[in-house]
Amino acid sequence: MRESVAASPLRRIPGVAVMLALLVGIFGSIAPGFLSPANISNVLLQSTILTMLALPMTLIIMTEGIDLSMGAVVTLTSLMVAIVSLATGSMLLGLAAAIGVGIAFGVLNGWLVARSGIPPFVATLGTLGMAQGLCLIVSDGQSVVGIPRAVREIYSATLARLPVPVVVALIAYAVFHVLLYHTRFGTYIFALGGNRDALRYAGRSPAKWLIGVYTLGGLMAGIAGLFMTARMNAGHPTAGLGLEFDAIAAVAVGGTSFERGDGWLFGTLLGVIAVGVLRNGLNLLALPSSLQVGSVGFLVIVALFLDGLRSRS
Amino acid sequence: MTDMTKPVVAPPGSLVSGDLMQLLYRLSAAFLICIMLSLLNDSFLSLGNILNVLRQASLLFFIASGLTLVVLTAGLDLSVGANVALSACLAGTVIQHTGSPLLGILTGLLSGGIVGLLNGVMVTALRIPSFIATYGMLWVLNGLTYWYMGGETIHGFPPAFRQIGSGYLFGLPIPVYLLLIFLAIGTAFAQRTIWGQEIYAVGANPVAARLSGIPVSRRLLLVYCVSGTMAGLASIIFLARLNSAEADIGESLTLPAIAAVLIGGTSLFGGVGTVFGTFIGALILTLVLNGMNLLSVNTNWQPFITGVIVIVAVWLDMATRRHEL
């Protein structure tokens with residue numbers, strides 16, 4: 001399909017960095033208060049949940065896969081946090097339940113993709129329906145309110161003068177960076193996307209590692225669920241609807257290819273910020289949230305178009 | 001996955017081929033579900049319920065039939081539900097402002113078709129993978145529809161227009177007649193015309209199709225346009241049936257439409273499947289959901305069950321056809 005395996009990261013920096021600079025430049029000049037320190041830290045804080053999801057999404061897309069169920073699974077884990085912490089009074093039990101449910105869906109996704117050979121977008125579309133149904137079933141379509149203070153405060157608490165969600169997102173980034181670039185698991189992820197047969201010839205089971213990648217996505221969805229519930233101070237059955245699309249958008253904007261199995265983790269981080277800046281800027285311009293969603297869709301199409309141009313040149 | 005090493009399937013020149021067994025399996029599955037439901041619930045076999053099932057299946061079929069052509073080319077259109085919502089809201093507005101159902105119908109078909117055209121351009125000219133292009137389109141349309149409606153509901157349409165969705169002719173709901181018409185047109189188009197056969201060829205092996213002189217891009221553009229226009233048609237019938245339009249009416253439509261196509265035996269890998277199979281698929285899914293309703297299963301279970309059905313349908317299809325991966 002292509003001649004050169006790795007277009008150097010340097011060639012990709014312009015794409016997402018230019019897009020980000022352009023967005024910041026535009027909103028800085030036309031959106032009132034966009035460049036104020038308070039608003040910038042607000043953008044970064046709001047980008048944390050998306051970061052936790054976009055990191056595993058990068059790895060999944062690098063294996064030529066996709067996880068459409070992520071938004072629905074986060075909604076479900078967020079509900080689990082709310083329901084379990086409300087029932088037991090313990091935030092940790094809530095988090096454990098969320099991570100358990102997240103991992104269960106991750107394993108199911110991975111198993112369906114790796115073992116049954118169902119194309120990833122249809123397998124995860126099916127699990128999206130399942131997760132969405134479970135959200136309605138466990139919550140009976142109602143918001144879960146009155147959650148313990150400990151859960152609420154995790155979003156606003158600080159650690160070394162940084163908000164806890166930012167710290168967690170940074171740690172997650174560091175872990176994923178080490179995982180992708182400095183472990184065998186990371187090498188296998190590159191192989192899963194670029195050259196699956198090589199992995200097979202090397203005597204490694206592609207299926208096992210593929211399941212691992214999707215499970216990682218489920219785990220992160222569990223952790224993100226805690227912060228989602230904390231941010232909203234409630235569990236809501238449609239809270240994370242479409243969040244997987246923002247994650248896919250961040251990955252696409254960040255320069256990870258959907259067809260060539262090469263990815264760039266730092267690009268995803270910039271992509272997350274670009275999506276956050278776009279939404280925040282449009283928000284400041286008092287554009288209705290519905291159009292913000294539409295503009296993210298537009299951003300993805302532009303990014304994919306550029307990616308297509310690059311892969312042909 | 002991107003290698004074109006799939007077995008080339010003999011063009012299904014008629015229904016009486018290897019596909020016949022596949023269809024028989026599905027028909028007997030539908031029949032079994034009917035027997036089970038009639039044993040479990042007395043009201044299942046009532047005329048009212050049967051007509052209800054047929055009408056619901058026909059609504060699902062309109063969306064799923066266009067989608068079938070897309071899936072036949074090994075593509076996917078995830079934007080159909082959002083397309084229905086936008087088209088319904090635009091058509092509803094036009095009918096209310098002009099009082100002319102005809103203009104409204106044209107608006108719905110046109111807006112559906114334009115969305116389909118844009119999808120086709122993204123897939124062919126921009127070469128974006130279809131599922132991601134149409135997924136982006138889903139959110140763009142969703143945003144536009146919610147913005148356009150601003151939380152409002154449009155309701156109250158002329159009685160003549162509402163007949164399209166809720167009227168009866170010789171004791172049968174009008175959507176059922178439309179279903180039969182479009183089933184015939186779709187089957188004839190896919191099985192009996194050169195364009196239809198070329199669509200199968202594009203799905204079975206795009207490289208071979210291109211080398212044998214088929215204008216692949218133009219056929220792909222065609223299937224996305226048809227899928228969009230059928231979503232536009234479905235929006236009209238929804239509008240006439242519900243007598244109201246809201247921004248969120250399309251949200252629960254995409255997954256069932258995809259499920260109907262897959263249950264009907266159309267392969268995600270392209271080149272295999274029939275429009276008639278999709279009709280059976282729509283019927284089976286409607287029967288299952290209707291049965292759950294009759295047995296008073298909480299409707300919250302519907303997305304869960306539909307999700308499971310999608311996965312099982314693909315898995316069964318792959319197991320019975322032994323796709324080489």
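Begin the tour by selecting Gly250(B), Glu251(B), Ser252(B), Leu253(B) and Pro256(B), which lie nearest the centre of the second largest pocket. The lining of this pocket comprises 48 residues. The structure on display is a predicted model. With the pocket in view, note that its volume is about 1,500 Å³. Colouring the lining of the second largest pocket by residue class gives 25 nonpolar, 19 polar and 4 charged residues.

Next, move to chain A and select helix H4 (residues 91-116) together with helix H5 (residues 120-139). Their axes lie 9 Å apart, and the helices pack at an angle of about 150 degrees. Because angles over 145 degrees count as roughly antiparallel, H4(A) and H5(A) are roughly antiparallel to each other. The crossing of H4(A) past H5(A) is right-handed. To display the contact, show Phe105(A), Leu108(A), Asn109(A), Leu112(A) and Val113(A) on H4(A); on H5(A), they meet Pro120(A), Ala123(A), Thr124(A), Thr127(A), Met130(A), Ala131(A) and Leu134(A). The residues of this contact between H4(A) and H5(A) divide into 9 nonpolar, 3 polar and no charged.

For the last stop, remain in chain A and select helix H3 (residues 70-88) and helix H10 (residues 206-232). Here the axes come within 7 Å and cross at roughly 55 degrees. H3(A) is therefore oblique to H10(A). As H3(A) passes H10(A), the crossing is right-handed. On the H3(A) side, select Met70(A), Val73(A), Val74(A), Thr77(A), Ser78(A), Val81(A) and Ala82(A). Their counterparts in the contact, on H10(A), are Gly217(A), Ala221(A), Gly222(A), Gly225(A), Leu226(A), Met228(A) and Thr229(A). By class, the residues of the contact of H3(A) with H10(A) are 8 nonpolar and 6 polar, with no charged residue.

Notes: Residues numbered from 1 in each chain as written. Chains lettered and ligands numbered in written order. Predicted model: local features only at pLDDT ≥ 70, side-chain atom pairs only at ≥ 80, totals over all residues. Heavy atoms only, no water. 1 Å grid on protein atoms, 1.4 Å probe; cavity = no way out; pocket = protein on both sides within 12 Å on 5 of 7 lines; lining within 4 Å. Points joined across faces, edges and corners; volume = space filled by probe spheres on them. Nonpolar A, V, L, I, M, F, W, Y, C, P; charged D, E, K, R; others polar. Axes fitted to C-alpha atoms, helices over the stretch in contact; angles between N-to-C directions. Helix = DSSP H or I, 4+ residues; strand = E, 2+ residues; numbered from the N terminus. Parallel < 35°, antiparallel > 145°, perpendicular 65-115°, else oblique. Left-handed = near helix turned anticlockwise from the far one by under 90°. Contact = heavy atoms within 4.5 Å.
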